[in-house]
Amino acid sequence: MTLQQEIVGNAMQMAVVNLQIGQTVYCEAGKFLFKTTNVTMETRLSGPSGNGGQQQSGSGGGMGGMLRQAMGTAMQVGQRMLAGESMAFQYFTSQGGEGTVGFAGVLPGEMRALELDGTRAWFAEKDAFVAAESTVDFGIAFAGGRTGMSGGEGFILEKFTGYGTVIIAGAGNFIDLNPADFGGRIEVDTGCVVAFEEGIQYGVQRIGGLNRQGIMNAVFGGEGLSLATLEGNGRVILQSLTIESLANALKKAQGGDKQGPTGGLFSTHAG
């Protein structure tokens, strides 16, 4: 059953989802806006099971099955906490007729509905996830220790598999690119990556070498020491506004600019 949704708004978009009878959509806690009265809301620690949003019963194993289910839920929660995500999901199901639910991101910017057909997964930066059909599985993927430690934002990714619609959000405006249209590889600010299809190779590289120009790029260029690299043939979604640049602009407007005169390597980030 296809998820009927419409993305509305400009500077701060939101998704309005129309649910058929018995249809379920889930979101990360904190992304819900409104719902009609015939839509039930349930908060769970467990993620979707791919069976229409119903929790697995744990039958077929008695106490052992219940224990395995509890351990699986604990592992899911632990992964999400490690990624800095919400511990719980909120599930919305329409009963007795069609219903409507509204969702939004947490930053001014765009939203995008991605359609999964079971052949390719999608990966997104943390906090990009807004909502999805219950037939879409939410998971955590790791980009690799070396890549993640050098790239910051790229270490822990959200992973979406299965069938159906998943809605993501980012900051500023989106642009869709395919590295194959640019010689097979593009290099971007690490904070600009929103999402990319399975098959795209994600990595992080140092800007220049340990020479005069490399130091100039890091110190005065505002990009730090690394750029994200995206290689292959597939869809990539980038955002025009990074969370870091937004935070620095807000600090500056409040008279608390911590970036320093040169930015980049000399930037400081108060907790």
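Is lysine 31 buried or exposed? In this predicted model, lysine 31 is buried, since its relative accessible area is 5% and the cut-off for a buried residue is under 20%. The charged side chain of lysine 31 has a partner: a salt bridge joins lysine 31 to glutamate 28, with the closest N and O atoms 3.1 Å apart. Glutamate 28 is likewise classed as buried, with a relative accessibility of 6%.

Another of them is formed by the side chains of arginine 44 and glutamate 42, with an N to O distance of 3.3 Å. Arginine 44 is buried, with a relative accessible area of 11%, whereas glutamate 42 counts as partly exposed at 37% relative accessibility.

A further salt bridge brings together the side chains of arginine 235 and aspartate 176, at 2.8 Å from N to O. Arginine 235 is located in the loop between β17 (226-231) and β18 (236-239), and aspartate 176 belongs to strand β13 (residues 174-177); the pair therefore ties together parts that are 59 residues apart in sequence. Arginine 235 is partly exposed, its relative accessible area being 31%, and aspartate 176 is also partly exposed, with a value of 35%. Both residues take part in a network of salt bridges that links Glu110, Arg112, Asp176 and Arg235.

Serine 94 is found in strand β6, which spans residues 89-94. With a relative accessibility of 1%, serine 94 counts as buried, because the cut-off is under 20%. The side chain of serine 94 reaches the backbone oxygen of glycine 97 at a distance of 2.4 Å. What is serine 94 in contact with, leaving aside its neighbours within four places in sequence? The contacts of serine 94 are Leu19, Gln20, Ile21, Gly22, Gln23, Asn38, Val39 and Gly99.

Met14, Leu33 and Phe34 make up a nonpolar surface patch of about 240 Å². Of these residues, methionine 14 lies in strand β2, which covers residues 14-19. Methionine 14 counts as partly exposed, because its relative accessibility is 32%.

How values were computed
Residues are numbered from 1 along each chain as its sequence is written. This is a predicted model: local features need pLDDT of at least 70, side-chain atom pairs count only at pLDDT 80 or more; totals for chains, interfaces and linings use all residues. Side-chain values use heavy atoms; hydrogens and water are left out. Patches are made of residues with over 30% relative accessible area and no salt bridge: like charges are joined within 9 Å, nonpolar side chains (Val, Leu, Ile, Met, Phe, Trp, Tyr) within 5 Å. Accessible areas come from the Shrake-Rupley method with a 1.4 Å probe; for residues, only the protein chains shown count as cover. A salt bridge is a side-chain nitrogen of Lys or Arg within 4 Å of a carboxyl oxygen of Asp or Glu. Helices (H or I, at least four residues) and strands (E, at least two) are DSSP runs, numbered from the N terminus. Buried means under 20% relative accessible area, exposed over 50%, partly exposed in between (1.4 Å probe, protein chains only). A polar contact is a pair of N or O atoms within 3.5 Å; within protein, one must be able to donate a hydrogen and the other to accept it, and residues adjacent in sequence count only if both atoms are side-chain atoms. Contact means heavy atoms within 4.5 Å.
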